[in-house]
Amino acid sequence: MPAKYLVHTSPAANRFEPITKSGIIAWEEGCLKCAVCVKKRCVYKVYEKRGLNPRQMIDSIDNLCMNCLRCVQGCPRELIHKSISPEYAAMGDDYWSPDIISKIWYQAQTGKIPVSGAGYPGPFSGPGFDSMWTDMSEIVRPTRDGIHGREYISTAVDLGGTEGALCFGEDGLVSGPEIRLLDIPLPILLRMPVSRKISPNIISGWAVAAKRLGTFLAVGAEEMVAAPESCRPFLMPILDGEVACPEGVRVVESTFSAEKDANSFKSGNDARFVCLRLPMNTGIEERVLAAARAGFSIIHIEASPNGSFLDDPGKTMKDGIRAVHLGLVEAGIRDSVTIIVSGGIAMAEHVPKSLICGADAVFVDLALLVALECRLCGRCDMDLPCPVEMDKAPPPWVAKRVVNLIGAWHNQLLEIMGAMGIRDARRMRGEAGRAMFFEELDKSTFQDLGRREEGCEIE
Amino acid sequence: MSLDWVPVVAVFYCKNVPGGGEEERHAIEKRYKGSARLYPIPCSGRLDAIHLLKALEEFADGAYVVTCPHGSCRYFEGNSWAAKRLETVRRLIESIGLEGARVGMVAESSEEPIDLSILTGEFINSISKIGPSPVLKS
């Protein structure tokens with residue numbers, strides 16, 4: 001049995017004060033000037049420690065407050081209030097919600113799983129991945145010694161395809177083409193987000209993080225010069241157009257058309273693995289099938305950042321992955337190809353849910369930027385100064401934040417796999433039977449409702 | 001005055017003034033680049049003396065406040081408090097030898113409101129005439 005894979009995390013402090021969910025509003029008018037004011041009785045000494053952050057011009061009080069609401073309840077004239085910060089509510093969009101962004105910040109800062117208190121208030125279903133419930137039937141008792149205990153749970157996955165059957169020669173040894181696989185210790189690969197301006201510092205930090213995690217960073221062939229030389233085996237250059245393949249890499253990504261086969265591409269790139277990128281558009285299952293038959297062993301399916309089809313925002317990537325997986329299973333070639341999905345991977349739960357739908361691994365892109373305190377304000381696209389001065393982020397800090405985020409996601413993956421009773425991430429691929437899908441349940445439960453059977457009409 | 005000096009002004013403005021929206025803010029920042037640092041506040045009454053003083057201490061050659069017209073504050077008296085606080089700051093900086101004109105306040109007019117973009121340009125012009133802040137030089 002191989003050594004247990006563990007992501008070593010260490011706290012990486014925020015460079016800027018994060019935007020908090022709620023803020024304190026304290027009115028001065030009508031103050032009774034009590035001898036012992038509730039502000040003085042604050043157990044965290046928030047009112048004494050407060051100050052103005054001159055860099056951001058914000059009061060530090062909201063970041064110090066622990067939301068015990070003691071001052072709010074204690075003030076006899078009810079002059080202190082807590083209210084949702086409008087700046088917080090305006091962050092991100094419908095998919096990358098403020099809660100998702102702030103949880104990524106927390107995980108990148110601490111490397112720990114965010115805990116939101118007892119119980120879950122809902123909602124219990126929503127679009128996309130939110131309409132899936134994983135089967136946690138193996139939770140029968142509090143775990144004896146946690147997710148890193150004696151039970152071995154492997155999160156390793158293979159990139160590359162295997163043959164449908166082994167061939168043996170006269171001498172009894174395995175003959176036929178050699179099976180080549182790339183083994184990565186967790187089903188998560190890093191990826192440079194498209195259409196965002198990324199500084200060389202950040203690329204360098206991400207490359208170091210990819211090396212530390214033992215996974216790959218997909219990065220533009222032009223941008224990869226910023227990465228340290230030692231990280232080169234952990235880079236996956238994206239070769240769009242006629243770009244020469246850089247030396248020292250093990251896998252490259254291309255937008256090669258599926259009409260040509262993988263071997264014709266490989267002739268110029270010797271024994272490197274080729275990952276074919278296909279956009280998640282309507283009819284993706286047929287295109288993946290054609291590409292797999294043409295000999296591509298790693299296929300990257302790119303969905304929109306909001307987890308939907310690129311040509312139809314009404315269709316979610318969850319359904320796309322399921323269709324691709326089932327198409328390959330029906331054709332009997334599922335094991336000859338590795339499916340990696342990208343776009344819309346915003347939370348730890350999206351990793352196991354993608355795997356259950358049929359992906360082998362996922363690319364994390366926008367979350368890598370959010371880990372560096374990005375607020376998804378889009379100011380960089382408008383050539384305006386970044387509120388968190390992203391271009392000045394030092395590479396060691398960038399690497400630490402990304403390792404922390406992926407470490408926290410890895411722990412959550414272990415939690416879910418432990419609760420599902422699955423001990424190998426490779427076994428989780430396509431295990432749709434171990435999950436419930438809202439649409440299917442809704443259909444099976446309420447489909448017959450209101451339908452009249454023949455002969456049973458009320459006179 | 002050194003030739004490569006670029007004036008930096010901190011503009012605190014109430015979100016309810018004309019041109020106080022997010023899109024207008026982006027346009028102003030694009031137009032004046034690093035010379036204008038904009039701080040939208042829910043009401044000018046939220047402004048404290050410490051905001052102006054910290055801005056002058058850390059990065060700004062001048063700090064200005066744009067408020068709603070007198071008598072039209074959504075929170076009734078926000079702009080009149082801001083005016084009082086601004087006077088306190090002016091007294092304080094004059095007592096340490098800084099020019100009083102480095103801080104200022106413009107109350108919008110309800111009849112003929114001036115766009116925030118034009119006001120920002122005027123602030124930058126007036127600071128260009130006064131020159132770089134000796135606080136930042138030290």
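This is a predicted model: local features need pLDDT of at least 70, side-chain atom pairs count only at pLDDT 80 or more; totals for chains, interfaces and linings use all residues.
Start with confidence. The predictor gives the complex an ipTM of 0.80. The pTM is 0.89. Chain B has an average pLDDT of 89, and 97% of its residues score at least 70.

Now turn to chain A. Its C-alpha trace spans about 95 × 80 × 50 Å along the principal axes. The chain holds 14 helices and 18 strands. Of its 459 residues, 36% are buried. Consider the contacts in chain A with a separation of 6 or more: 67% of them join residues 24 or more positions apart.

Look next for the barrel. Eight strands of chain A form a closed barrel, in the order β10-β11-β12-β13-β14-β15-β16-β17. The pairing is parallel. From one strand to the next, the twist averages 25°.

One pair of strands shows the detail. In chain A, strand β12 (residues 235-239) pairs with strand β13 (residues 251-254). They run in the parallel sense and share two bridges. A:Leu239 has A:Ser254, in β13(A), as its bridge partner. Helix α6 (residues 200-213) of chain A packs on this sheet. Helix α6 of chain A touches β10 (188-191), β11 (217-220) and β12. Its direction makes about 155° with that of β11(A).

Helix α9 (residues 317-331) lies across β15 (298-302) and β16 (338-342) of chain A. Helix α9 of chain A runs at about 170° to β16(A).

Is A:Glu389 buried or exposed? A:Glu389 is exposed, because 12 other C-beta atoms lie within 10 Å, and a residue with 12 or fewer counts as exposed. A:Glu389 and A:Val7 are 382 residues apart along the chain. Their C-alpha atoms are separated by 28 Å.

Finish where the chains meet. How many residues does each chain bring to the contact? Chain A supplies six residues and chain B supplies ten. On the side of chain A that touches chain B, five residues are nonpolar and one is charged. That side of chain A has no polar residues.

Definitions and conventions. Residues are numbered from 1 along each chain as its sequence is written. Chains are lettered from A and ligands numbered from 1 in the order in which they are written. A residue is buried if 20 or more other C-beta atoms lie within 10 Å of its own, exposed if 12 or fewer, and partly exposed in between; C-beta atoms are placed from the backbone. Two residues are in contact if their C-beta atoms, placed from the backbone, lie within 7 Å. Ala, Val, Leu, Ile, Met, Phe, Trp, Tyr, Cys and Pro count as nonpolar, Asp, Glu, Lys and Arg as charged, and the others, Gly among them, as polar. Helices (H or I, at least four residues) and strands (E, at least two) are DSSP runs, numbered from the N terminus. Two strands pair if DSSP finds at least two bridges between them. Axes are lines fitted to C-alpha atoms, for helices over the stretch in contact, and angles run from 0 to 180 degrees between N-to-C directions. pLDDT is the predictor's confidence in each residue, from 0 to 100.
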